[in-house]
Amino acid sequence: MSNYRHHSGGGYCGIEIRDMHPRISQNFTYVSSCVKYMIFMLNFIFWLFSGLLLGIGLYAFMDKWESTGWVRLETVYDVILNISLVMMIAGIVIFVVSFAGCLGALRENTCLLKFYSMCLLLFFLLEMAIAIMGFVFPQNMNSFLEDKFTDKIIHSYRDDPDLQNFIDFAQKEFKCCGLSNVGYQDWSKNEYFNCSSPSVEKCGVPYSCCINATDISSGLVNIMCGYGVQEHSVAAASKRIWTSGCIEIVRVWAERNLYAIAGIALGIALIQLFVIYLAKTLEGQIELQKSRWSA
């Protein structure tokens, strides 16, 4: 749009044309500082968290190595059930992805931002797949976990201190014993609790299966409270220990708290989608700024 003005007099007569479009300042940038530093701060927090996770996992792994002298990593199940190793792997993955997000936003690097948003999208799709399998096909998920992990977890109970502590914690918190639908009888698959074992724990279960493992008067834990219960019927054993398997108990707990779990999962999914949106927005702004420079 132009503004026309006549000039006359003084021997000069003409028209002045003024351009009404404001010129873009040389300091103008399409890149939003708000979006840029929001991505940076979010990823910086996760970067610090990943360092903490990696440090704890490494410390636990080295402590286990020094105490046992070996770590079994023969199959993929050995890796999955090794909690310290899982923490280290998760820490490394989060460290790399969050570092890419931090550096990509700070340096306005589109390659790093594309890598970052692609990783977040893969995480989102993986989480959605697991959620769908868990909520739409709960029985199939139960069967899969029982078939693939019961024997491995039961066999490794005494071999891995971290796994042992995790199983004891789960059995006490969810008031269950064993994993599969046979419940406390799962412990017959462990070489220490098997009835043919020469150990004093034969035909027993871990103390974490006991209904009253802690003595009220002394406050001490009775680690022998589960000895010999495999020889009893379910009715008799239920007076001393929890008899149901943990997988089924956790499934029932999840169904009772379905709305809370769904709400948390939805919140996490929306946050991930929002961060992906921010990353793609920043990427588009950087490309627009580059096209302005090249014009």
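Which residues does Gln 272 touch, not counting residues up to four places away in sequence?

1. **Gln 272.** Gln 272 touches Phe 123, Phe 124 and Glu 127, leaving aside residues up to four places away in sequence; contact here means heavy atoms within 4.5 Å. The residue lies in helix H9. With a relative accessible area of 11%, Gln 272 is buried, where buried means under 20% relative accessible area, exposed over 50% and partly exposed in between, for a 1.4 Å probe and protein chains only.

2. **What we are looking at.** This is a predicted model, in which local features need pLDDT of at least 70 and side-chain atom pairs count only at pLDDT 80 or more, while totals for chains, interfaces and linings use all residues. Residues are numbered from 1 along each chain as its sequence is written, and side-chain values use heavy atoms, with hydrogens and water left out.

3. **Overall layout.** The protein has 9 helices and 2 strands, and along the sequence they follow the pattern β-β-α-α-α-α-α-α-α-α-α. Helices (H or I, at least four residues) and strands (E, at least two) are DSSP runs, numbered from the N terminus. Of the 295 residues, 32% count as buried. Among contacts with a separation of 6 or more, 65% come from residues 24 or more positions apart.

4. **The largest pocket.** About 1,500 Å³ of space lies in the largest pocket. Its lining has 43 residues, of which Ile 130, Met 141, Leu 145, Val 250 and Arg 251 are the closest to the centre. The elements giving two or more residues to this lining are helix H3 (83-107), helix H4 (110-136), helix H5 (138-155), helix H6 (161-174), helix H8 (246-256) and helix H9 (258-294). By residue type, the lining of the largest pocket divides into 36 nonpolar, 4 polar and 3 charged. For these classes, Ala, Val, Leu, Ile, Met, Phe, Trp, Tyr, Cys and Pro count as nonpolar, Asp, Glu, Lys and Arg as charged, and the others, Gly among them, as polar.

5. **How the pockets are defined.** On a 1 Å grid over the protein atoms alone, a pocket is an open set of points where a 1.4 Å probe fits, with protein on both sides within 12 Å along at least five of seven lines; lining residues have an atom within 4 Å of a point. Grid points are joined across faces, edges and corners, and a volume is the space filled by probe spheres set on the points.

6. **The second largest pocket.** This one has a volume of about 520 Å³. Our opening residue returns here: of the 19 lining residues, the closest to the centre are Phe 46, Ile 94, Leu 120, Phe 123 and Gln 272. Helix H1 (33-68), H3, H4 and H9 each give two or more residues to the lining, and the largest share, 6 residues, comes from H3. The lining of the second largest pocket divides into 15 nonpolar, 3 polar and 1 charged.

7. **Helix H3.** The 25 residues of H3 should span 36 Å at 1.5 Å a residue, and the end C-alpha atoms are 35 Å apart, which agrees; the expected span is 1.5 Å times one less than the number of residues. Buried residues of H3 include Met 88, Gly 91, Val 97 and Cys 102. The buried residues of H3 pack against H1, helix H2 (76-80), H4, H6 and H9. Glu 108 follows H3 and has a positive phi, near 55°.

8. **Helix H1.** Among the buried residues of H1 are Lys 36, Asn 43 and Lys 64. The buried residues of H1 pack against H3, H4, H6 and H9. Just after H1, Gly 69 takes a positive phi of about 85°.

9. **Ser 156.** This residue is found in the loop between H5 and H6. Ser 156 is buried, with a relative accessible area of 10%, and touches Arg 72 and Leu 163, not counting residues up to four places away in sequence.

10. **Aromatic rings.** Rings of Phe, Tyr and Trp (its six-membered ring) pair if their centres lie within 6.5 Å; planes under 30 degrees apart count as stacked, over 60 as edge-to-face and the rest as tilted. By this rule the count comes to 9 aromatic pairs. The rings of Trp 187 and Phe 193 have centres 5.6 Å apart and planes at 75°, so they form an edge-to-face pair. Trp 187 counts as buried at 1% relative accessibility, and Phe 193 counts as buried at 1%. Elsewhere, ring pairs link Phe 40, Phe 44, Trp 47, Phe 95 and Phe 99 into a cluster.
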